[in-house]
Amino acid sequence: MSHINDTQITDAVVAEHGLTPDEFQMVCDHMGRTPNYTELGVFSVMWSEHCSYKSSRKWLKKLPVDGPQVIQGPGENAGVIDIGDGDAAVFKMESHNHPSFIEPYQGAATGVGGIMRDVFTMGARPVANLNALRFGQPDHPKTRHLVAGVVSGIGGYGNCIGVPTVGGEINFDKSYNGNILVNAMCVGVARTDKIFYAAATGIGAPVVYVGSKTGRDGIHGATMASAEFDDASEEKRPTVQVGDPFTEKLLLEACQELMASDAIIGIQDMGAAGLTSSSVEMADKGGVGILLDLDKVPCRETHMTGYEMLLSESQERMLMVLKPGREPEAEAIFTRWGLDFAVIGKLTDTGRMVVAHEGQTVADMPLGPLADGAPEYDRPHQPTPKAAEFDAGLLDGAPDMASALTTLMASSEIASRRWVYEQYDSMVMGDTLAGPGGDAALVRVHGTQKALAISTDVTPRYCFADPVEGGKQAVAEAYRNICATGATPLAITNCLNFGNPERPEIMGQFVGCLEGMGEAGRTLDFPVVSGNVSLYNETNGTGILPTPAIGGVGLLKQLDKAVGNRFTENDLQIYLLGDGNGHLGASLYQRDILANDDVFAPPPVNLESEAKHGALVRQAVDKGLLSAAHDISDGGLAVALAEMCIGHNIGAHISVEGDIGFWFGEDQARYVLAVSADKAADLEALADGLPLSKIGVTTGTELKFGDTVTISVAQLHELNEGWFPALMQG
Amino acid sequence: MQASVIVFPGSNCDRDVAVCIEAAMGKAPLMAWHGDSDLPKSDLIVLPGGFSYGDYLRCGSMAANSPIMREVVAQAEKGAAVLGICNGFQVLTECGLLPGVLMQNKGLNFVCRNTRLTVTNNKTAFTAQYEAGEEITVPVAHNEGNYFADDDTLKHLQDKDCIAFTYAEGDNPNGACLDIAGICDPSGRIVGMMPHPERRAEAALGGEDGKRMFSGIVEALP
């Protein structure tokens with residue numbers, strides 16, 4: 001039988017591995033010879049867009065990543081921030097777009113599993129999962145199948161492992177018909193003095209493999225995630241991994257147990273590009289070399305080649321470097337949990353990755369070029385042309401206020417997501433103070449009186465119309481959602497989903513969104529501590545809307561001060577914080593009421609106002625003034641008010657007058673605040689010149705605008721709840 | 001009194017219920033490992049929610065055959081109070097301590113939400129602090145909570161006052177026979193229920209209706 005490394009490295013073989021001729025030449029230069037087949041495979045995954053960020057790195061470097069709250073910024077498995085009292089929040093968001101389109105259940109499930117491993121690898125216990133999902137048009141023939149599969153996969157994994165799924169977002173748009181987005185975020189909590197990193201040090205230290213056995217699943221998943229789709233993409237099903245949440249639960253508990261000791265030097269999960277990327281990253285970060293003996297790797301299939309073992313993306317596996325001599329105690333823990341444990345190599349001083357299999361050296365490569373040697377591309381980028389301002393002429397013959405509001409409440413963007421989130425266990429762990437359906441989720445830090453506020457946000461239609469403003473807005477909305485609970489925003493993770501970066505207009509969207517995101521992060525003191533980039537979300541040359549999803553995390557120091565986003569009783573004074581000019585460009589009103597898809601400028605974001613208004617809301621919550629607070633976003637003021645009424649079936653009488661723009665405009669930096677009458681004066685005094693105006697009062701069970709428009713809250717509720725079940729029943 | 005929480009591989013509500021027991025009892029329960037064949041004599045044994053052994057066979061069936069369960073059954077027969085919540089209820093039916101079976105939800109999906117329950121029997125070891133017929137709110141979170149038993153068994157449950165909780169009218173989340181949310185043995189010492197009282201045992205989590213399960217049993221035991 002001929003060895004896989006006897007395969008001739010032809011131009012076609014190189015192309016199949018996704019390397020360009022120039023990149024291949026660079027590989028040959030680094031190697032000082034032509035790589036063999038196994039080495040080519042390793043280089044191809046390490047240099048894939050997914051692993052190397054070769055198109056995005058130049059721009060990612062411009063994001064704000066520092067702050068006194070930051071313990072670990074981008075570059076590790078997850079970001080780490082200080083939340084006081086020796087506690088840290090550890091979090092990251094990651095995409096699993098390509099696999100979820102091909103095989104929605106397993107794609108989504110393994111996305112959830114992968115992001116949780118990133119978090120618990122750092123020594124944290126995962127405490128909350130969120131998901132930012134984008135699907136195609138509701139009536140597209142594949143949408144129902146994809147929604148059902150993705151939701152079921154997220155629930156199947158998260159419910160079993162016992163980490164609550166507490167929030168997220170879902171959008172529908174035709175640009176996702178051929179490329180859905182599944183972005184999974186996980187937040188964990190650790191002690192600041194027990195954070196674990198990937199870097200491996202100590203020549204001779206044992207390299208240990210734990211978790212599931214290795215199979216042939218997911219080989220070249222990272223390469224698949226770095227290419228466009230075409231009509232044959234569904235044939236790529238074998239590159240999708242299969243998840244086993246039960247094993248991950250055992251792996252989590254075993255790792256936590258071992259982490260309580262001091263036996264671990266470095267630890268890294270085997271995610272994209274599996275054993276290859278974990279060993280390369282650990283050894284490279286530690287500035288050492290690594291020797292792997294593949295004969296020791298636990299396999300669940302026979303006759304696997306070294307190539308397959310190195311590139312497999314089988315799930316629920318970890319690589320660790322232990323202090324020499326600590327293997328027996330570690331092995332005892334993993335064996336007790338019924339998991340594989342194998343010493344598969346050791347650290348060396350060579351600066352190279354040397355791989356042995358069946359008595360032969362099957363790969364011998366310099367680590368530096370593998371980890372950091374991928375070319376950094378400054379791809380041509382064409383700025384998105386400035387969009388025109390909204391054409392007010394489109395409002396001629398617009399429907400009346402009541403019918404516009406009832407239509408929006410039952411629209412794909414605003415409709416209740418109950419059908420989805422009731423399939424997720426949102427309460428396990430006993431610390432979910434506010435689960436799905438609020439502005440931000442609130443999760444108590446176990447055993448304390450403080451809570452994390454978590455939200456995922458982006459408005460892709462804004463990003464498409466104006467990437468810079470859209471990038472700002474995504475950060476600003478996460479900031480607002482966190483402030484609305486009373487929490488202080490601390491840091492963000494991002495998941496940057498775009499089309500093909502080799503097209504200048506797509507690269508222009510990317511550059512624009514990052515510029516806006518960076519500016520917002522700097523102004524709002526809301527740095528980026530982790531993230532992920534997913535490019536090539538295109539099918540047959542059609543790209544998705546630019547979707548730089550943001551996951552924000554904030555801290556509420558006293559959880560009993562938290563406020564919700566629903567009216568709680570009658571006779572509350574309703575205030576509008578923030579002002580605007582009724583901005584309808586790129587609004588939901590334009591899309592769903594006017595049924596107009598012209599590109600108009602989205603609402604501009606005034607970051608100074610965001611900061612000031614956010615601070616006011618936080619102060620008001622801290623002083624116990626507010627009964628409810630809700631950020632104004634999709635659908636504008638009218639939708640925000642309707643949502644606040646629905647929760648407890650409490651109506652409102654809105655006494656101010658306004659035009660369509662006033663009710664449905666999506667001007668930024670705005671909140672609706674509800675305050676009991678005896679505290680209204682204190683709130684007004686606190687506002688101290690900021691635009692705060694009283695607009696109405698809670699009363700009865702109808703939402704009334706002036707004396708002319710009256711809608712029953714029960715009807716709004718029914719419309720809002722009805723859309724999703726109707727979609728899924730078909 | 002001695003309380004024990006059994007930890008199976010895949011249990012994920014073990015900590016949550018231990019928190020509630022500690023709050024009620026002033027002392028942390030023993031966390032007992034599924035693979036052990038010894039269980040210190042316990043007055044209260046709790047089988048927690050989760051996905052024991054991944055639920056990869058029928059839910060609860062592998063756990064029912066784990067070494068520790070022989071001890072649980074033996075102590076239950078000698079009078080220990082046993083509470084099975086969610087996956088724990090499934091284990092109790094699989095090991096024969098309670099009759100019937102938990103099938104997949106009628107809607108075919110996992111469901112996690114608050115449900116309104118009627119306390120049908122307030123004379124069990126766990127429900128003495130509720131009024132008979134009292135309506136309480138306790139969340140469910142399961143994929144296999146659809147209680148089923150043959151007609152004779154259902155009649156027996158009714159005749160012997162062995163239905164502990166039912167879902168309030170119109171709030172049955174899974175299609176369970178007779179709206180059954182929880183049952184007990186004729187002695188009232190062994191209770192299995194799909195809803196999670198440990199998730200609604202403090203005001204910060206939305207309500208305290210579940211708390212009286214734990215304070216009730218602590219009061220009832222020596």
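**View 1. Helix 15 meets helix 22 in chain A of this predicted model.** A:L405, A:L408 and A:M409 come from helix 15 of chain A. Facing them in helix 22 of chain A are A:A638, A:V639 and A:A642. The contact residues divide into six nonpolar, no polar and no charged.

**View 2. Helix 15 and helix 22 of chain A cross at an angle of about 65°.** Helix 15 spans residues 401-409 of chain A, and helix 22 spans residues 636-646. Their axes lie 10 Å apart. The crossing of helix 15 of chain A past helix 22 of chain A is right-handed.

**View 3. Seven strands of chain A build an open sheet.** The strand order is 23-25-22-26-24-27-28, and the pairing is mixed. Strand 23 (626-631) and strand 28 (709-712) of chain A form the edges. Each of these edge strands pairs on one side only. On average, neighbouring strands of the sheet are turned by 20° against each other, direction ignored.

**View 4. Strand 22 and strand 25 of chain A run antiparallel.** In general, strands of a sheet pair through backbone hydrogen bonds. Here, six bridges join strand 22 (residues 572-577) of chain A to strand 25 (residues 671-676) of chain A. One bridge pairs A:I574 with A:A674, which belongs to strand 25 of chain A.

**View 5. Helix 25 of chain A lies across two strands, strand 27 and strand 28 of chain A.** The helix covers residues 713-729 of chain A. Strand 27 of chain A covers 702-705. Helix 25 of chain A runs at about 60° to strand 28 of chain A.

Methods:
Residues are numbered from 1 along each chain as its sequence is written. Chains are lettered from A and ligands numbered from 1 in the order in which they are written. This is a predicted model: local features need pLDDT of at least 70, side-chain atom pairs count only at pLDDT 80 or more; totals for chains, interfaces and linings use all residues. Axes are lines fitted to C-alpha atoms, for helices over the stretch in contact, and angles run from 0 to 180 degrees between N-to-C directions. Helices (H or I, at least four residues) and strands (E, at least two) are DSSP runs, numbered from the N terminus. A crossing is left-handed if the near helix is turned anticlockwise from the far one by less than a right angle, and right-handed if clockwise. Two residues are in contact if their C-beta atoms, placed from the backbone, lie within 7 Å. Ala, Val, Leu, Ile, Met, Phe, Trp, Tyr, Cys and Pro count as nonpolar, Asp, Glu, Lys and Arg as charged, and the others, Gly among them, as polar. Two strands pair if DSSP finds at least two bridges between them.
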